[in-house]
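The tour goes from one selection to the next.

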Amino acid sequence: RALDPTRTIDHASGWHDQGAGDVQSLHVYFYQYRFRPDKRGRAVVLSEFGGYNLPVAGHTWNAKNFGYKGYQTPEALGEAVKTLYETQIVPACKSGLAADVYTQLSDVEDEVNGLVTYDRRLCKMDPARMRKINSKLRF
């Protein structure tokens with residue numbers, strides 16, 4: 001804070017929260033997320049969620065296929081992301097969730113859980129569909 005008091009501090013980004021920083025930062029992959037206010041009154045941020053994987057032949061770094069839940073087609077991935085937002089993220093935002101960050105924008109090395117392929121040549125999620133999903137976050 002002494003160096004720059006204007007910046008928001010996320011001291012542990014999803015790791016063990018020791019009560020420091022300006023936000024309670026959570027990473028949620030393996031269970032259904034339900035918003036709960038922070039006991040210290042800080043903003044609650046879902047700083048990682050989703051991470052659904054869809055490998056696209058010819059657009060991966062290698063043959064590994066890491067992600068938190070796998071899909072076989074862009075349509076199935078799109079439906080899963082839509083359902084995730086409708087059933088967990090939108091309700092959480094309406095209850096007080098301050099911010100959310102889908103993991104992740106693009107595939108990286110062994111992880112094929114991005115919305116864009118590793119080489120950045122293909123969008124796995126139709127951008128218009130993602131805009132429509134995200135539009136539900138405006139209240």
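Which residue in S2 is the bridge partner of Val23? Select Val23 and look across: its bridge partner in S2 is Ala43.

Before going further, note that this is a predicted model, in which local features need pLDDT of at least 70, side-chain atom pairs count only at pLDDT 80 or more, and totals for chains, interfaces and linings use all residues. Residues are numbered from 1 along each chain as its sequence is written, and side-chain values use heavy atoms, with hydrogens and water left out.

**Whole chain**

Show the protein chain as a cartoon. There are 2 helices and 5 strands, in the order β-β-β-β-α-β-α from the N terminus. Helices (H or I, at least four residues) and strands (E, at least two) are DSSP runs, numbered from the N terminus. The C-alpha trace spans about 45 × 30 × 25 Å along its principal axes. Of the 139 residues, 35% are buried, where buried means under 20% relative accessible area (1.4 Å probe, protein chains only).

**The sheet**

Select S1, S2 and S5. These 3 strands form an open sheet in the order S1-S2-S5, with parallel pairing; two strands pair if DSSP finds at least two bridges between them. The edge strands, each pairing on one side only, are S1 (23-28) and S5 (99-103). From one strand to the next the twist averages 15°.

Now zoom in on the pairings. S1 and S2 are joined by 6 bridges, and Ser25 is opposite Val45 in S2. On the S5 side, 4 bridges pair S2 with S5, and Val45 is opposite Ala99 there.

**Strand S2 and Leu46**

Keep S2 selected. Of its 8 residues, 6 are buried, so S2 is largely enclosed by the rest of the structure. Pick Leu46, which is located in this strand. Is Leu46 buried or exposed? Its relative accessible area is 0%, so Leu46 is buried.

Display what surrounds Leu46. Not counting residues up to four places away in sequence, Leu46 touches Leu26, Val28, Tyr33, Ile89, Leu97, Ala99, Asp100 and Val101; contact means heavy atoms within 4.5 Å. Draw a distance to Ile89: the two C-alpha atoms are 9.0 Å apart, although 43 residues separate Leu46 and Ile89 along the chain.

**The two helices**

Axes are lines fitted to C-alpha atoms, for helices over the stretch in contact, and angles run from 0 to 180 degrees between N-to-C directions.

H1 and H2 pack at an angle of about 10°, their axes 10 Å apart. That makes H1 roughly parallel to H2, a term for angles under 35 degrees. To see the contact, show Glu75, Gly78, Glu79, Val81, Lys82 and Tyr85 in H1 together with Arg129, Met130, Ile133 and Asn134 in H2.

**The core**

Last, select Tyr33, Tyr52, Val81, Tyr85, Leu97 and Tyr102, which have the most contacts inside the largest nonpolar core, a set of 23 residues. A nonpolar core is a set of buried Ala, Val, Leu, Ile, Met, Phe, Trp, Tyr and Cys residues joined through side-chain atoms within 4.5 Å. S2 (43-50), H1 (74-95) and H2 (127-135) each supply at least two residues of this core, and the largest share, 8 residues, comes from H1.

End on Tyr85. Leaving aside neighbours within four places in sequence, its contacts include Phe49, Tyr102, Met130 and Ile133.

Definitions and conventions: Buried < 20%, exposed > 50% of the residue type's maximum accessible area, 1.4 Å probe, protein only. Parallel < 35°, antiparallel > 145°, perpendicular 65-115°, else oblique.
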